[in-house]
Structure formats: C-alpha cells, structure tokens
Amino acid sequence: MRLISICPSNTELVAYLGLLDKLVAIDDYSDWPNEVQSLPKLGPDLSIDMDKLETFKPDLVLASLSVPGMEKNVEELQRRGIPHIVLNPQSLNDIAEDLLTVGNQCGIEQRAIERQQQYLAFIDEMKSRAATVHTFPTLYWEWWPKPIFTPGKTNWLTEISAIAGGLNEFRDKTEANVQTDWNDLLDRNPDYILLAWVGVRTEKVNKEVVLKRPGWKDLSAIQNNYFTIMEEELYCRPSPRLLEGALKLGKYIHPEIYADLELPAWVTSVN
C-alpha cells in the first residue's frame, strides 16, 4: 500500500500505527519520527504540490482540516479523484477515533485497536492524578502572537490542560480557535502564560514580543516567572504525541503529583 501524508499530525498517526514503511511522500513540515525526514517532500501543508503528489500514484492520501486553509488540499484531491480520507480532530477522543479510521483504511484494525487502548489508558492515568489536584491554575496558551490566537473550549489543549491539573483560560469560548487582544489578557490575568506558536520552532519563539505589550510585564504570570515557551510539536499537532506534552505540562505545574509518572515507551519510540 502506498500512503501519502500531507500534514505532520497525520504522519505521526502513521508512525504510531507501524505504517512508516508504506509512506512514499510527505509535506514539508512532517519531521517526526526521524525516519520520515528522508522521504520526498510535497511542499508546505497549506500549499501541497498536487501534480507532484499524483506522480507517486498513492493508494491513499491522509488529508486534514486541523489547520485553517487546508480545505483547498481536500478540494483538489476530490477534483482529481485521488483516493483520500480527511481527518479533523478537535479533541483527545477524536484522535483515538482517527487511529481506528486510519487503521481500518489500511487493513490493520487489530493493531489500531491496541494502540488506541494504550493511548486512552495513559489519558485515564493522568485524569486520575488530576482528580487529586487541590488548586487548578489558569493557563493562557498563545498559538499566534499578532493577531493573538488562543485555543478555546472545543480544542485538545483544553483537555490537555485539565488532565495536567490546569484550566485553559479561554475554556469559556466555545470555538476551537479564539482571536483575542492584549487588554482581554490583562483583564483575565492568567496564572501561566505558555507560548506554543503554530509552525514555529522553539528556538525561534521570541518572548520579547510578548513582554513589549503594554502592561504585560505586570501580569502575575510574568511576575511569578510562570511564563515559558512550550514545544509547538508537542501541543499543536493532534496525534498521540500530545501525551508527551501533557505529561511535561503536568510535571511543570504540579510536580508533586506527576513527577513519578513515566511516559510509555511507545509514545517516543515507534519502533
């Protein structure tokens, strides 16, 4: 079977299902696990070269609507009659279902069920620990600095926050992506400020961009040094790799509860 993935989270799903040997091409941003980096690239996930994609004669293309703008990829796949499925996960449970969807399409139903069970079991373990937390700090996640975008209630980061013993500051907004402004953040005054700019590597995220905003240096998160950069690849890609990010967050905000919890080996090593 010849598979093509045109976004990083789908590439990671393929890896977790043990299907890396079926991948023949990927988007430019897919970079995990290391084995995929030698595969032919088809362009950025929002600008896939469909002519080049067709030359690989895929049996199945894994498309996604997880990032605004990916709709045009799906429309072009449809127009050309290229076999594909479209994933659009917004929650941790959606990701669990995506494991089954891809597994069923690729004829590995039992393997997909086993991986899904492992994934859900670790979430349940984190939930049980979160139930012992006495104080849930508020977390402001910044996805983009200008204009400011942050995840709302209908988003996996709301759940990641919760199973790590925190509260997404914008859980009161029903949409998945919320555009807000500086004054709103000043009024909310979250306990933690976490920068995870979509598509931007950790070393390229500049804290000074945030600190220059009027009044932000007076926020309690800044004053208490609860202001940090989080790895975009561990929080912004809807795949089981989010578990690594969730545990890292738990150890950061509640070390007394999560310090002894170990990440399952399958999350970081797909071999």
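Are Tyr16 and Trp32 buried or exposed? In this predicted model, Tyr16 is buried, and Trp32 is buried as well; the points below begin with these two residues and then turn to other parts of the fold.

1. Tyr16 and Trp32 form a tilted aromatic pair, with 5.3 Å from centre to centre and 40 degrees between the planes. Because Tyr16 belongs to helix α1 and Trp32 to the loop between β2 and α2, the pair ties together parts that are 16 residues apart in sequence. Ring pairs also bring in Trp266, so that Tyr16, Trp32 and Trp266 are linked into a cluster.

2. The structure holds eight aromatic pairs, and another of these joins Trp143 to Trp156, whose ring centres are 6.0 Å apart and whose planes stand at 45 degrees, so this pair is tilted. Trp143 lies in the loop between β5 (138–142) and β6 (144–145), whereas Trp156 lies in helix α6 (residues 156–163), so the pair ties together parts that are 13 residues apart in sequence. Trp143 is buried, with a relative accessible area of 7%, and Trp156 is buried, with a relative accessible area of 3%.

3. Four strands form an open sheet with parallel pairing, in the order β2-β1-β3-β4. Its edge strands, β2 (23–26) and β4 (84–87), each pair on one side only, and the twist from one strand to the next averages 20 degrees. Strand β1 (residues 3–5) runs parallel to strand β3 (residues 60–64) and is joined to it by three bridges, with Val61 of β3 as the bridge partner of Ile4. Helix α1 (residues 8–16) lies across β1, β2, β3 and β4, and it runs at about 130 degrees to β3.

4. In helix α3 (residues 71–80), the buried residues are Asn73, Val74, Glu76 and Leu77. Seen down the axis of α3, these buried residues fall within an arc of 165 degrees, and they therefore line one face of the helix. They pack against α2 (50–55), β3 and β4, while the face of α3 turned away from the buried side carries the exposed residues Gln78 and Arg79. Just after α3, Gly81 adopts a positive phi of about 70 degrees.

5. Two placements of a charge over a ring also deserve a look. The charged end of Lys207 sits over the ring of Phe227, at 4.7 Å from its centre, and the charged end of Arg213 sits over the ring of Trp216, at 4.5 Å from its centre.

Note on methods
Residues numbered from 1 in each chain as written. Predicted model: local features only at pLDDT ≥ 70, side-chain atom pairs only at ≥ 80, totals over all residues. Heavy atoms only, no water. Pairing = 2+ DSSP bridges. Helix = DSSP H or I, 4+ residues; strand = E, 2+ residues; numbered from the N terminus. Axes fitted to C-alpha atoms, helices over the stretch in contact; angles between N-to-C directions. Contact = heavy atoms within 4.5 Å. Buried < 20%, exposed > 50% of the residue type's maximum accessible area, 1.4 Å probe, protein only. Arc of directions from axis to C-beta. Phe/Tyr/Trp six-rings, centres within 6.5 Å; stacked < 30°, edge-to-face > 60°. Lys NZ or Arg CZ within 6 Å of the ring centre and 35° of its normal.
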